[in-house]
Amino acid sequence: MSEETTPLTELLAEASIDLDASAASRDEAIRLAGAGLLAVGAIDESYVDAMIDRENSVSTFMGEGVAIPHGTLAAKDSVKADALSLVRFPEGVDWDGNDVRIAFGIAAKGNGHIALLSQLATVLMDPEKAAALRAAETTDEVYALLEPDEDE
């Protein structure tokens with residue numbers, strides 16, 4: 001863990017968390033993840049379209065019922081601050097044939113998204129943590145699951 005890596009918990013504002021959402025489509029789910037980033041002023045509205053553009057070219061489905069939609073490189077100028085959003089879909093969303101229960105929206109300046117993705121991947125590679133995240137019903141549970149492990 002390098003000094004300049006901001007913990008996930010500091011990038012995820014409570015205003016960017018929706019634990020009881022529903023979406024009829026993948027794109028609607030991405031728009032909800034984008035809305036969480038917009039809510040905290042991390043992005044311009046154009047970034048949300050770039051998140052959908054990215055999804056149309058490369059799926060951000062990560063397995064374990066999780067997708068991590070983020071914008072294209074061309075949309076970097078639409079990012080005002082690094083931030084995360086988290087949208088939980090208790091009923092699931094059909095994400096190109098995959099069942100997605102959680103979408104993490106990512107906004108990052110420069111190459112910041114790479115560090116964010118690797119931090120998220122660390123959490124999501126633990127099936128127990130991923131399952132707990134899919135079941136989380138309070139923001140406190142979410143924050144506890146995203147806390148970096150002390151021994152890392």
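This is a predicted model: local features need pLDDT of at least 70, side-chain atom pairs count only at pLDDT 80 or more; totals for chains, interfaces and linings use all residues.

Trainee: In what order do the strands of the open sheet stand?

Mentor: The sheet is formed by 5 strands, and their pairing is mixed. Strand 1 and strand 2 (61-63) stand at the edges with a single partner strand each, so one side of each has no neighbour in the sheet. The order of the strands is 1-4-5-3-2.

Trainee: Which residue of strand 5 is the bridge partner of leucine 84?

Mentor: Leucine 84 belongs to strand 4, where it is the bridge partner of leucine 12. Towards strand 5, the bridge partner of leucine 84 is isoleucine 106.

Trainee: Which residue takes a positive phi in the hairpin of strand 4 and strand 5?

Mentor: The hairpin has 2 residues between its strands. A positive phi near 50 degrees is found there at aspartate 96.

Trainee: How many of the 13 residues of strand 4 are buried?

Mentor: Helix 2 lies across strand 1, strand 4 and strand 5, at about 155 degrees to strand 4. Strand 4 (residues 83-95) is largely enclosed by the rest of the structure, because its buried residues number 10 of the 13.

Trainee: Does alanine 23 count as buried or exposed?

Mentor: Alanine 23 is found in the loop between strand 1 and helix 2 (26-39). Alanine 23 touches Glu28, Ala29, Leu32, Phe89 and Val93, leaving aside residues up to four places away in sequence. The cut-off for burial is under 20% relative accessible area. At 15% relative accessibility, alanine 23 therefore counts as buried.

Trainee: Are helix 5 and helix 6 roughly parallel or roughly antiparallel to each other?

Mentor: Helix 5 (residues 127-135) and helix 6 (residues 139-146) pack with their axes 9 Å apart, at an angle of about 160 degrees. Angles over 145 degrees count as roughly antiparallel. The two helices, helix 5 and helix 6, are therefore roughly antiparallel.

Trainee: How many charged residues does the contact of helix 5 with helix 6 have?

Mentor: Helix 5 contributes Lys129, Ala132, Leu133 and Ala135, and helix 6 contributes Glu141, Val142 and Leu145. By class, the contact has 5 nonpolar residues and no polar ones, while the charged residues number 2.

Key
Residues are numbered from 1 along each chain as its sequence is written. Side-chain values use heavy atoms; hydrogens and water are left out. Buried means under 20% relative accessible area, exposed over 50%, partly exposed in between (1.4 Å probe, protein chains only). Helices (H or I, at least four residues) and strands (E, at least two) are DSSP runs, numbered from the N terminus. Two strands pair if DSSP finds at least two bridges between them. Axes are lines fitted to C-alpha atoms, for helices over the stretch in contact, and angles run from 0 to 180 degrees between N-to-C directions. Angles under 35 degrees count as roughly parallel, over 145 as roughly antiparallel, 65 to 115 as roughly perpendicular and the rest as oblique. Contact means heavy atoms within 4.5 Å. Ala, Val, Leu, Ile, Met, Phe, Trp, Tyr, Cys and Pro count as nonpolar, Asp, Glu, Lys and Arg as charged, and the others, Gly among them, as polar.
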